[in-house]
Amino acid sequence: EFDQITANMKEALVLLDHTGRILSINPAAQVLFDTNKCCIGEDFVTVERRQNMRNALEEAEQNGSCIFRDMKNGREYQFDLSRIDSEGTYKGMVILAFDITEQVNAEKHRREFTANVSHELKTPLQTIIGSAELMESGVVKEEDLPRFVGHIRKEASRLVTLIDDIIRLSQLDENAELPEEPVSLKEVSEEVCEILSDAAGLKDVSLEVTGDTGLIMGARKLLYEIVYNLCDNAIKYNVHGGKVKISVSEEPGKVCLAVQDTGIGIAPEEHSKIFERFYRVDKSHSKQSGGTGLGLSIVKHAAQYHQADISVESEIDKGTTVLVVFKRL
């Protein structure tokens, strides 16, 4: 019964006697320590020879327990060692190992996200405060007031956009279930183009929607976010007089959404990074265009919600095509 229970554990479990010899080692521990059941009866330090484990065994024997983290087989583990006593006599040791790689990565991403949010919020706030202080002190001439008010309005708008994007990402992170319905990707694309027509007009960028109806089952709000953010980026990072083409195609078992632009392009080494939060290929251009660096992260999360695949084709100065492939209704 004990073997059956421990065999189904995800955690690695090793039991040692008072001499440090292995009494039991479950399958997860056999994989972790690259051994098999034949090691039962052997001294554990012949199976795990690293010094940090020896130190942990000594500490646990002296103090009753020891917890440490270490990398093993490319993953990060937490090792919990507990001494077993019976009637005041040391009888052995329990070693438990938990794979905490995902937890560690999530903590790292949260810290990075918090740091980035703080920086992104601080920058426009400093501009707003600086402009307001100059106006309040009377240093600004009457004829310059509209320019300073314009700076405040622009940076305040940037703050609102940033906060809206952060809220969207937070909602997506919660993995909340959203109502789903049949949605035409072509209709959504046409709606997005109508909304973005003024922004495209300012850069003399033409918008075109072609292809099939592209009917899929999904959350309309998130599908709109995908198309909107891809098209918004395609306009922002396009050249004056450029083009943005949105094509929807129905293929066996899938619906493909492609957003193609004639913009500045993305270097090959940047392709895998562009969906990271706050990552910007061209930071100076992003600042001028008012980008928050969160648009493609929203696209990535919304696509994951629909179990859709995303791929990018792009070359510097030759434009970019982002392809999103959905399962067909």
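This tour moves through a predicted model, one selection at a time.

**Before starting**

Residues are numbered from 1 along each chain as its sequence is written, and side-chain values use heavy atoms, with hydrogens and water left out. Because the model is predicted, local features need pLDDT of at least 70 and side-chain atom pairs count only at pLDDT 80 or more, whereas totals for chains, interfaces and linings use all residues.

**Stop 1: helix α9**

Select residues 220-236, which form helix α9. Helices (H or I, at least four residues) and strands (E, at least two) are DSSP runs, numbered from the N terminus. The 17 residues of α9 reach 24 Å from the first C-alpha to the last, close to the 24 Å expected at 1.5 Å a residue; the expected span is 1.5 Å times one less than the number of residues.

Colour the helix by accessibility. Buried means under 20% relative accessible area, exposed over 50%, and partly exposed in between (1.4 Å probe, protein chains only). Because 12 of its 17 residues are buried, α9 is largely enclosed by the rest of the structure. Among the buried residues are L222, L223, I226, V227 and L230, and also E225, N229, D232 and K236.

**Stop 2: the largest nonpolar core**

Next, select L185, I226, L230, L257, V324 and F326. These residues have the most contacts inside the largest nonpolar core, which has 45 residues. Such a core is a set of buried Ala, Val, Leu, Ile, Met, Phe, Trp, Tyr and Cys residues joined through side-chain atoms within 4.5 Å. Elements that each supply at least two residues include α5 (101-137), α6 (145-173), α7 (185-195), β9 (243-251) and β10 (254-261). Helix α9 gives the most, with 8 residues.

Centre the view on V324. Leaving aside neighbours within four places in sequence, V324 is in contact (heavy atoms within 4.5 Å) with I226, L230, V255, C256, L257, A308, D309 and I310. Apart from this core lies another, of 24 residues, among them L16, F33, L57 and I95.

**Stop 3**

Show the strands in the order β7-β9-β10-β12-β11; they form an open sheet of 5 strands with mixed pairing. Two strands pair if DSSP finds at least two bridges between them. At the edges are β7 (206-211) and β11 (309-315), each pairing on one side only. Neighbouring strands are turned by 15° against each other on average, direction ignored. Axes are lines fitted to C-alpha atoms, for helices over the stretch in contact, and angles run from 0 to 180 degrees between N-to-C directions.

Within this sheet, β10 and β12 pair in the antiparallel sense over 8 bridges, and A258 stands opposite L323 in β12. Helix α9 lies across β7, β9, β10 and β12, running at about 20° to β10.

Now pick K254, in strand β10. K254 counts as partly exposed, at 32% relative accessibility. Leaving aside neighbours within four places in sequence, K254 is in contact with S249, V325, F326, K327 and R328.

**Stop 4**

Then show the open sheet whose 5 strands have the order β2-β1-β5-β4-β3, with antiparallel pairing. Its edge strands are β2 (22-25) and β3 (65-72). Here neighbouring strands are turned by 20° against each other on average, direction ignored.

Strand β1 (residues 12-17) is joined to β2 by 3 bridges, and L15 stands opposite S24 in β2. Helix α4 (residues 51-63) lies across β1, β3, β4 (75-86) and β5 (89-99), at about 165° to β3. Helix α5 also packs on the sheet, touching β3, β4 and β5, and its direction makes about 125° with that of β4.

**Stop 5: strand β8**

Select residues 215-218, strand β8. Strand β6 (residues 181-184) runs antiparallel to β8, joined by 4 bridges, and V183 has I216 as its bridge partner.

**Stop 6: the cysteines**

Finally, display the cysteine sulfurs. A search of the whole structure finds 0 disulfides (pairs of cysteine sulfur atoms within 2.5 Å). The sulfur of C38 is 7.9 Å from the closest cysteine sulfur, in C39, too far for a bond. For C256, the nearest cysteine sulfur, that of C231, is 16 Å away. C38 is exposed, with a relative accessible area of 64%, whereas C256 is buried, at 7%.
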